[in-house]
Amino acid sequence: MLKTENKSAWALIFLCSFMYFISYVTRTNYGAAVLEISTATGLERTSLAAALTGSFIAYGIGQLLSGYLGDKIQPKFLIAGGITLTVLMNFVIPFCATSTQMTIFWTINGLAQSFMWPPAVKMLAVKLNQAEYQKGTQLVNWAAQIATIFIYLVTPLIITLLNWKGVFYVSSVLGVIGLAVWLIKCPLIDLNQVKVNNSGEKQKVNKAPFGVVLVLVMIAIVCMGMLRDGITTWMPTYIADTYNLSNEISILTGVLLPIFALVCYTIVSYLYKNKLKNPLTCAFAVFAVGLLSAGLLSLFASSSPVISVLLSALLTGSMYGVNLILVCMVPGCFKKFSNVSFISGLLNCCTYVGSAVSTYCFPLLATHISWSGTIFVWFIIALVGSALCLISVPLWNKFKEKL
């Protein structure tokens, strides 16, 4: 537990966690329902996948814009604007008759979603100390996984009681509730960070430095994003295609992914705090677990649905652990600089470059080289990511002297 007498820190952490829960509900619902959308409308999976790809591209590009604005505009207003737009896009999706229309509106939703994370990091970094920040980002990421579990549990139920359109209507209602809570409870922060020198004069805080190690980290994050979101989105389809399970049962298998992610968050957070305090060393160790999982999954790709789901869950859970270190904890190392929101947005942008590529390419690979071949590609991606983290360990040790 977080040892602090600052009750306002807990209040802010829980508020940001609630916001991120709402964000993920209104973001992951399309991926959870995509199988049923295809079945109900007769639209091809690859054409429906374009909406996910568009969303990830817009989210990635939006991270840069959001990161820049997050250092200059109150996070309260940026996030409120994002929630408002995402509610509208969720409400519009059921009225779309073609995959092109869905792609347009879900791409806009991706842009709206991008105005959540960098401003939240800015707020947490300014308001909290280092220990509170680490705990806060962990809990915010927990909220995202709880939201994913929620969506994958209720989506089959809503589809059974109503239809796939009901998934987006329910998400819209939850978004409105989240927006109201955010506007009422969210505080304003001091965007004009200053420090006082030995003479008592106020000086503007410098911008964070940039180095080669950050480039390697960014490429590793791309690999992580490809595995994390590509497998999360298409694992139910892989299970349905390989083992001929129903859409509802296949969607429910997706619940295991965020459960493993929660476990990995807890373990990785402990390792980083107590054992592997170099973020690149910690990221390499977690990436190596994902590499092992991908290798085993490649060997047993069609042997058993239970084995396939468990190994896929371990692989994606590992990638969520890598995300916690490289996308959440690394920006915290820059908290004394004025552009922490931009650094956060830049790194998170790389995640969704990988996400955009994988969500579009994985089903195409499965069609042309089978799911077994696609899973081997997952192994290669994990190998590259692990190698980049390992190479970056000594470089980070030198780079951190500038921080």
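Ground rules. I am working from a predicted model, where local features need pLDDT of at least 70, side-chain atom pairs count only at pLDDT 80 or more, and totals for chains, interfaces and linings use all residues. Residues are numbered from 1 along each chain as its sequence is written, and side-chain values use heavy atoms, with hydrogens and water left out.

Salt bridges. I looked up how many the structure holds and found 2. I take a salt bridge as a side-chain nitrogen of Lys or Arg within 4 Å of a carboxyl oxygen of Asp or Glu.

Entry one. D71 and K122 pair through their side chains at 3.2 Å, N to O. This pair links distant parts of the chain, 51 residues apart: D71 sits in the loop between α2 (45–70) and α3 (75–92), and K122 in helix α5 (residues 117–127). Helices are DSSP runs of H or I, at least four residues, numbered from the N terminus. I checked burial, which means under 20% relative accessible area, with exposed over 50% and partly exposed in between (1.4 Å probe, protein chains only). D71 is buried at 14%, and K122 is buried at 0%.

Entry two. R228 and D229 form a salt bridge at 2.9 Å, N to O. R228 is buried at 2%, as is D229 at 7%.

Surface. L299 lies in helix α11 and is exposed, at 66% relative accessible area.

Definitions and conventions:
Helices (H or I, at least four residues) and strands (E, at least two) are DSSP runs, numbered from the N terminus.
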